[in-house]
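Open the model in your viewer and have the selection tool ready. This tour goes from ring to ring.

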Amino acid sequence: MKDIRFSEESMALVQRMMKRYPEGKHKSALIPILHIAQAEFDGWLSPEVMNYVASVMNIQSIEVYEVASFYSMFNLKPVGKCLIEVCRTSSCWLLGAEDVIRHLEKKLNIKVGETSSDGMFTLKSVECLGSCGTAPMLQVGADYYENLNLEKVDALVSRLKSEGKRKTYTDLPEPRTL
Amino acid sequence: MGKKLLLKDDHIAGIQSYDVYRKNGGYASVEKAVKTMTTEAVVEEVKKSGLRGRGGAGFPTGMKWSFLAKPPGIARYLVCNADESEPGTFKDRYLMERIPHLLIEGMITSSYALGANTSYIYIRGEYYYVARILEKAIDEAYANGWLGKNILGSEYSLDLYVQIGAGAYICGEETALLESLEGKRGNPRIKPPFPAVAGLYGCPTVVNNVETIAAVVPIVNDGGDEYAKIGIGKSTGTKLISASGHINKPGVYEIDLGVPVEEFIFSDKYCGGIRGGKKFKAVVAGGSSVPILPADLILKTAKGEPRLMSYESLADGGFATGTMLGSGGFIVMDEDTSIVKNLWNFTRFYHHESCGQCSPCREGTGWMEKILHRILDGHGTMSDIDLLWDIQGKIEGKTICPLGDAAAWPVAAAIRHFRSEFEEYIKNPKSIKDVKHYYRLNNLQSA
Ligand SMILES: Cc1cc2nc3c(=O)[nH]c(=O)nc-3n(C[C@H](O)[C@H](O)[C@H](O)COP(=O)(O)O)c2cc1C
Ligand code: FES
């Protein structure tokens, strides 16, 4: 088990974050700090990582667990390098989200909620991501992929596979055309 | 008529950057407010404008601001609600991504009016990349003297931070948002006390939607009276509508409140009609929480008057024949849409997003999802329709926060207006298989 410790850069950011709130209210930084921790420690929050965050913030471990378990973006189990989150709600559903999900299940040979055997992809279906006008859509790390069709999905999966990189919400996003 | 206020500079290349934004008149409202107006005068303009909260409830903003308690020596906070998780709503992201400085400017002017020296923008976690855009804009605002100590040489100081969430629809509810901002689970608080008295860290707090805060900029620049000239009746000003579903031109449209619904759906200026030449079946006019209406009732009120895109007109007839403007998430459905399956999709959403504090919502949303699933699975009975009706009625009004209502209303409305579709599925389960539930993506490409 490797040592759980924020990089110097992350630690500096964490310390800065805790100063954004009034005296004694630094617990407010918990969610932003958990995002940093999840990105730094393999895309999920193990009990050890949560305990570490508690010690850095000087709060009880239970305060971290109860928050981490409430929010859907925090993974309490290991995930693949790329977590593919397909919107399954209203407008995306009206415009073919189920097709996208079935297609990815077949292509990656996994069901929603599972991780591919090479550890590259985890597939998840999520609720409305605020991109309904460009439905159907999915999110990987910081990036939104919109106006999807099956060819675009295929191209994305191939690219992510060949890059082989872990994607996290805190990544610098890819350039977007507005 | 038709003048844009929030998106007027949307077409200008580079408007995301401070320099271009400033060159096009940006930050004028801060100058005007801080240099020439008292805080009360700014609140007065907002009252005169008739601006109503754009987050969904439509509460008059000026009134909300005047309720803010001001005990001496206690900090006050302005918190911007950028959680935007109501299905069908994407206008706040559009605004923040494309014209980030408009929100920052609105936050400064509004914070000044409220006497807040620290303000937060709470943004949903999935919008991490948008949070970066806002943080860059905030850095630029600091560098140019619009934030920090003694803004424009005045006594007024303000620090502004972006706070990131982590995936929870409920954190759009204002008290859940405040809990989340305090680093806790997003469990809504019992009101009273209202945030205006005891909000963030127990201090007086105003929570406003992104669009509401952005609208303060033109209100202060041009005056509340000028803003109130736009719109109709108590629906003043412009509104961003997120249009999606089976239409030719999905997107965000800034409309004068009062545009006829028919024009909004069929004019090329807006949605451009139903895609693929299909017939128009139903609309969810204000985000997934508001009652669905069939085509005839969304185009005309029960009295036969043209329905308008305004708070009052959309609500005309109450829930029996009307709906709500809500967040302005306008979801259009064509003739092939299965209302029952769409309802199951919504109900699954509310079940997933219920925070679990109140039994009627925690249990009821799950039961409704299961019953709808049973019907769609071909095992429904006629009594299931009554059971659904019964459950939704036992959730509505019986929970700490309005998520319960938001889960109940779509169920009630679907049964009210499309009961025969439920009955058909139950009588003839084979018909479910024949229903085209959604566009096949491959067909979509050729459509
Ligand atoms: C379940 C639920 C979700 C909500 N989500 C949002 C949201 O995402 N954005 C928002 O501005 N308001 C949301 N609201 C409304 C807020 O509670 C609050 O009324 C609003 O932020 C006030 O701002 P306004 O007066 O400017 O509209 C939600 C309410 C409920 C009950
Ligand atoms: S419904 Fe998919 S992004 Fe809103």
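**Aromatic tour**

Select B:Tyr27: this residue is buried, with a relative accessible area of 0%. Buried means under 20% relative accessible area, exposed over 50% and partly exposed in between, with a 1.4 Å probe and protein chains only. This is a predicted model, where local features need pLDDT of at least 70, side-chain atom pairs count only at pLDDT 80 or more, and totals for chains, interfaces and linings use all residues. Residues are numbered from 1 along each chain as its sequence is written, chains are lettered from A and ligands numbered from 1 in the order in which they are written, and side-chain values use heavy atoms, without hydrogens and water.

Rings of Phe, Tyr and Trp (its six-membered ring) pair if their centres lie within 6.5 Å; planes under 30 degrees apart count as stacked, over 60 as edge-to-face and the rest as tilted. That rule gives 25 aromatic pairs over all chains.

Next, select B:Phe264 and B:Phe330. They pair edge-to-face, 5.1 Å centre to centre, with 85° between the planes. B:Phe264 is buried at 0%, and B:Phe330 is buried at 0%.

Now pick A:Tyr21, B:Tyr77, B:Tyr120, B:Tyr161 and B:Tyr201. Ring pairs link them into a cluster.

Finish with B:Arg52. It lies over the face of B:Tyr311, 4.0 Å from the ring centre. (A charge sits over a ring if NZ of Lys or CZ of Arg is within 6 Å of the ring centre and within 35 degrees of the ring normal.)
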